[in-house]
Amino acid sequence: MIFKYDVLVIGGGHAGCEAARAAAKLGAKTCLITMDMNKIAQMSCNPAVGGIAKGQIVREIDALGGEMGIITDATSIQFRMLNKGKGPAVWSPRAQCDRAKFITKWRETLDSTEGLDIWQDQAEELIVDNGTAVGVKTQWGAEFRARAIVITAGTFLNGLMHIGKTQIPGGRCAEPAVYRLSESIAQHGISVERMKTGTPVRIDARTVHFEDMERQNGEVDFHQFSYMPTPRTLKQLPCWTFYTTAEAHQTLQEGIADSPLFNGQIQSTGPRYCPSIETKLVTFPDKEQHPLFLEPEGENTAEMYLNGFSSSMPLDVQLNALRKIPALRDAKAYRPGYAIEYDYFDPTLLHASLESKVLKGLFFAGQVNGTTGYEEAAGQGLVAGINAAMVCSGGLPFVMKRDESYIGVLIDDLTTKGVDEPYRMFTSRAEYRILLRQDDADARLTERAYEIGLASRERFDHWVQKKECIQRIISFCETATVKANDINSALEHWGTSPLTGTVKLVDLIARPQLNVRNLAEVLPELKSVITEAPNRQEEIMEAAEIKMKYKGYIEREKIVADKMRRLENIRIKGHFNYEELHEISTEGRQKLARINPETLAQASRIPGVSPSDINVLLVLMNR
């Protein structure tokens, strides 16, 4: 039987869910094909969303009209704003979620999305006609035809799990691997490679000695992921911190010979920034202890996630080592940690829209592009879903620049630099961090999303109202003056030097000891301006304050970004036969020919392409 759609999305993980919903919201008749409808948006590892730079990505997804932020807020059981001791450029929200409720909420969201169907099945073969992807065949014998296809298969493509010497085919614990689909894609000239990731043991909370750990509570202030009013309603739970011991290390060391990572069983590359416990022991042999975090899996379950103890060691080695840690001396496990190897496709063979350069109408998003993390996957999925719908409607590709979003940085890194290990986003990867703050993703992206029809009118109006309130506060602070007699006693109380005369209010806000909130307590006119905001007053105050305190840094970074944008506007694709350009280096010719960048700025970011190579291209373009 043949089913016809505008857009097919293969895989119901975080990338697939965002892609399917975005495509359907933009008017494309969409079908999401997933192996298990009951595990849509499964949090395969830690049921946590956000973190350093990842939290910024989720706020960008929300600003664009995606769902991850809203669903995270609705299912959060602990929220924290990381890096608050540093500047706002690196503040990053993170939430521990209820795993089961997160899945349920996503399922409800997809079921209520008009124009979106779900089909439970396994895609096995890509159908290609004259260089264009036109459909897939499934293991049930169904055939789906579409004008655009988004592959978001996660870790399922030829997935192989490892626990010691035991190897089990699968894409996740207790879920089968997908065979044939990789091969049917690769036969068209799309490079396929292998990567590895892992997950730790799950612990029964009833067997844990919490008295031997340090309690880590969440925050209950106004911060959240969504810019829309979606308050946290679930019970907020603590996490717990403690350390490994020398005795646990000795037990693990004795089992190293049976570790798949070190006995030659696993050949592929794992994530650099989320190493297994055995990798930590080998890499840092002199370190006597490593931090561990025990985190809840849900509001009403005893299952807990042991962050910091990812492992593929034999089952007995894992459990024996855990019991050498005082807090876990009587611990029982629900299941051991394991490693998994899977296929991914070379992301340099993608346009910035995430459409394949090899096959028209074929998009890739998530771990199949060599990334790791729910947030990176969801951001790619949203972009792929938007652009798949654009293919169907004849719209222009939706592409974000590096100075516009972390998602733009992520996709540019993937498509120009490629990957040799699972890619994880960090604030250090973005050269315009002060422009890509977690507080202003709506300022950067909501109007763009509204223009293409993804962000709702309600979201757009909410942003316009917020923007007006922020500007009112800033305008007031830039014009209002404060006299020494009116403020000096409060300044002394707050530990900052008193005034000797009259100053503009904005100059006081620039002081590190002061903020809009405490100044409003002693300046009635400022408080009056703030209360004009109908809702989310604390968020509006913080946004206005950041713009005032860091105005100089923001303006300087905008100047640098504007200069680079000029190179972004110089399109070079199709202008050169790089193999014939002997004026540039051999490595530069090879890299440029393989990646075939769209713009001069993109070419400048390709590893192996030197500044002198860019200068040669610029001279040739001027000719």
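Leu234 is in contact (heavy atoms within 4.5 Å) with Ala74, Thr75, Ser76, Ile77, Asp98, Lys101 and Glu299, leaving aside its neighbours within four places in sequence. Leu234 sits in the loop between strand S15 (214-216) and strand S16 (239-243). Helices (H or I, at least four residues) and strands (E, at least two) are DSSP runs, numbered from the N terminus. Leu234 has a relative accessible area of 14%, so it is buried. Buried means under 20% relative accessible area, exposed over 50%, and partly exposed in between (1.4 Å probe, protein chains only). From Leu234 to Pro176 is 58 residues in sequence and 33 Å in space, C-alpha to C-alpha.

This is a predicted model, in which local features need pLDDT of at least 70, side-chain atom pairs count only at pLDDT 80 or more, and totals for chains, interfaces and linings use all residues. Residues are numbered from 1 along each chain as its sequence is written, and side-chain values use heavy atoms, with hydrogens and water left out. The predictor's confidence in each residue, pLDDT, runs from 0 to 100. The protein chain averages 96, and 100% of the residues score at least 70. Confidence is lowest in helix H21 (residues 611-622), at a mean of 87. It is highest in strand S21 (residues 362-364), at 99.

Now turn to helix H4 (residues 99-111), which holds Thr109. Thr109 counts as buried because its relative accessibility is 12%. Not counting residues up to four places away in sequence, Thr109 touches Arg21, Glu67 and Ile71.

Next comes a helix pair. The axes of helix H11 (residues 441-452) and helix H12 (residues 457-479) come within 10 Å and cross at roughly 145°. Axes here are lines fitted to C-alpha atoms, for helices over the stretch in contact, and angles run from 0 to 180 degrees between N-to-C directions. From H11, Asp442, Ala443, Thr446, Glu447 and Tyr450 take part. From H12, they meet Arg457, Arg459, Phe460, Trp463, Lys466 and Lys467.

Which residues are buried in helix H16 (residues 524-531)? They are Leu526, Val529 and Ile530. Seen down the axis of H16, these buried residues fall within an arc of 100°, so they line one face of the helix. The arc is that of the directions from the helix axis to the C-beta atoms. The face turned away from the buried side of H16 carries the exposed residues Pro524, Glu525 and Lys527.
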